[in-house]
Amino acid sequence: MVPALRQMSGRHRTETGDERLGTLLAFVAGAINAGGFLAVGYYTSHMSGIVSSIADFLVLHRWTAALISVLSVFSFFSGAVTSSLLINWARRRGLHSEFALTLMLEAVLLLLFGLLARDVQVTVALLCFTMGLQNSLITKISHAEIRTTHVTGIVTDLGIECGRFLFERTTHTEARFHLKKVILLSRLLAGFLAGGLVGATVFNWAGFVTVLPFAFLLAVIAAGPVWDDVSQRFRGKSS
């Protein structure tokens, strides 16, 4: 169990670890997106829709709504920036928690959301920041092969692979169909959908505290590498 967790959050990456982490984060993103919509009437990972809504709100002279949408995009952007800064900072120092730090920060932010979320604007900004943080993390880990909040891209890539498959079958011409990629994309899509179902269902029953198990799960995954760095620091001080 512990090696599997370290495979997902450790500095030394494997393809299996990346895929497992991607599927898990897609599940978390789906849950937060669906639960967040029930909480504030807003899909907090859907940047395409939010940017489009800015134009709509401006045309309709709904200035407050437009400002909230701008804040949402900036929060998502800031989360991505923060993730990149954390990863590069940890990498420069050779820390075991190069990627785990971002996971731990996401766990803390979800904990704050679950316990303290009250104001709509603050809630939207916090969730958008968290989604940007997460998407930036898995993008850097997988070298832009995996996205966990961008379902549009997942469905598009599935469509491309399906087109390649049909082309090969109908023309008997090599089109470089990638079955392994289709399986990964299907897992990501299924993970996001399953997370949405769980998030929406549990939020209707428990409210904001729905996110607490997800925060705990991310913290457990990140704990190993973070503990390695903390213990190594203490050993260095004692010697």
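Me: Which residues line the second largest pocket?

Reply: This is a predicted model. In it, the second largest pocket is lined by Trp89, Arg93, Gly94, Leu95, His96, Ser97, Leu101, Val226, Asp229, Val230, Gln232 and Arg233. Helix α9 (residues 212–238) gives the largest share of that lining, five residues.

Me: How does one find such a space, and what is the volume of the second largest pocket?

Reply: Rolling a probe the size of a water molecule over the atoms shows where empty space is left. The second largest pocket comes out at about 240 Å³. Its lining divides into five nonpolar, four polar and three charged residues.

Me: Now the largest pocket. Which residues lie nearest its centre?

Reply: Glu15, Ser142, Glu145, Ile146 and Leu184 do, out of 16 lining residues. The volume of the largest pocket is about 290 Å³.

Me: Which helices supply at least two residues of that lining?

Reply: α2 (15–40), α6 and α8 (179–206) each do. The largest share, four residues, is from α8. By type, the lining of the largest pocket has nine charged, five nonpolar and two polar residues.

Me: Let's turn to the core. Which members of the largest nonpolar core touch the most other members?

Reply: Leu21, Leu25, Leu103, Leu110, Leu137 and Leu218, in a core of 49 residues. Helix α6 (residues 120–141) contributes the largest share of this core, 10 residues.

Me: Take leucine 110. What is it in contact with, leaving aside neighbours within four places in sequence?

Reply: Leucine 110 is in contact with Val28, Ile32, Thr130, Val211, Phe214, Ala215 and Leu218. One of these, Leu218, is also among the core residues that touch the most other members.

Note on methods
Residues numbered from 1 in each chain as written. Predicted model: local features only at pLDDT ≥ 70, side-chain atom pairs only at ≥ 80, totals over all residues. Heavy atoms only, no water. Core = buried A, V, L, I, M, F, W, Y, C linked by side-chain atoms within 4.5 Å. Buried < 20%, exposed > 50% of the residue type's maximum accessible area, 1.4 Å probe, protein only. Contact = heavy atoms within 4.5 Å. 1 Å grid on protein atoms, 1.4 Å probe; cavity = no way out; pocket = protein on both sides within 12 Å on 5 of 7 lines; lining within 4 Å. Points joined across faces, edges and corners; volume = space filled by probe spheres on them. Nonpolar A, V, L, I, M, F, W, Y, C, P; charged D, E, K, R; others polar.
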